[in-house]
Amino acid sequence: MATVELTSANFDEVTSSEGTVLVDFWADWCGPCKRFAPVYENSSEKHPDVVFGKVDTEAQQEIAAKFEIRSIPTIMAVRDGVIVFSQPGALPETALESLIEQVQQLDMEDVRKQLADHEH
């Protein structure tokens, strides 16, 4: 599956659905973003069950601001509508694969319980 362009029109719909969504915050002028793009694209081919989204921070400034993106590339992982990971920096392929594996193995019932306990 190729990557999906995320915009203010589809971001909430895509990231709130069931399953795993990875989001790559990037910009055309960003060298590390351009070097990371093929790694991200390759990974999207290996994981048809994961949505690989891309947010152009120049074109979608309101999304970047909402998530306080200060450095790009930033990778965010969303599972079943819950942000479970967000970190700036281009990941090597092995780290990206490890991240996907860890996100997919999460016990989301436990994650939601921890979030609820944390809010009280």
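This is a predicted model: local features need pLDDT of at least 70, side-chain atom pairs count only at pLDDT 80 or more; totals for chains, interfaces and linings use all residues.
β3 pairs with two strands described here. Strand β1, residues 4–5, runs parallel to β3 and is joined to it by two bridges. Val4 stands opposite Gly53 of β3. β2 also pairs with β3 in the parallel sense, over seven bridges. In β3, the residue opposite Thr20 is Val50. In a regular strand, side chains alternate between the two faces of the sheet.

The largest nonpolar core has 16 residues. Leu6, Phe11, Val23, Phe25, Val55 and Ile72 have the most contacts inside it. Which of the elements gives the largest share? β2 does, with three residues. In soluble globular proteins, nonpolar side chains tend to be buried together.

Leaving aside neighbours within four places in sequence, Phe11 is in contact with Leu6, Val23, Val55, Ile63 and Phe67. Leu6, Val23 and Val55 are also among the residues with the most contacts inside the core. A second core is separate and has 13 residues. Leu22, Tyr40, Leu91 and Leu99 are among them.

## The disulfide

How many disulfides does a search of the whole structure find? It finds one. The disulfide joins Cys30 to Cys33, with an S to S distance of 2.3 Å. A disulfide is a covalent bond between the sulfur atoms of two cysteines.

Which hand does the disulfide of Cys30 and Cys33 have? The torsion about its S-S bond is about 80°, so the disulfide is right-handed.

Are the two cysteines buried or exposed? The cut-off for buried is under 20% relative accessible area. Cys30 has 4% relative accessibility, so Cys30 counts as buried. Cys33 has a relative accessible area of 3%, so Cys33 is buried too.

Technical notes. Residues are numbered from 1 along each chain as its sequence is written. Side-chain values use heavy atoms; hydrogens and water are left out. A nonpolar core is a set of buried Ala, Val, Leu, Ile, Met, Phe, Trp, Tyr and Cys residues joined through side-chain atoms within 4.5 Å. Buried means under 20% relative accessible area, exposed over 50%, partly exposed in between (1.4 Å probe, protein chains only). Helices (H or I, at least four residues) and strands (E, at least two) are DSSP runs, numbered from the N terminus. Contact means heavy atoms within 4.5 Å. Two strands pair if DSSP finds at least two bridges between them. A disulfide is a pair of cysteine sulfur atoms within 2.5 Å.
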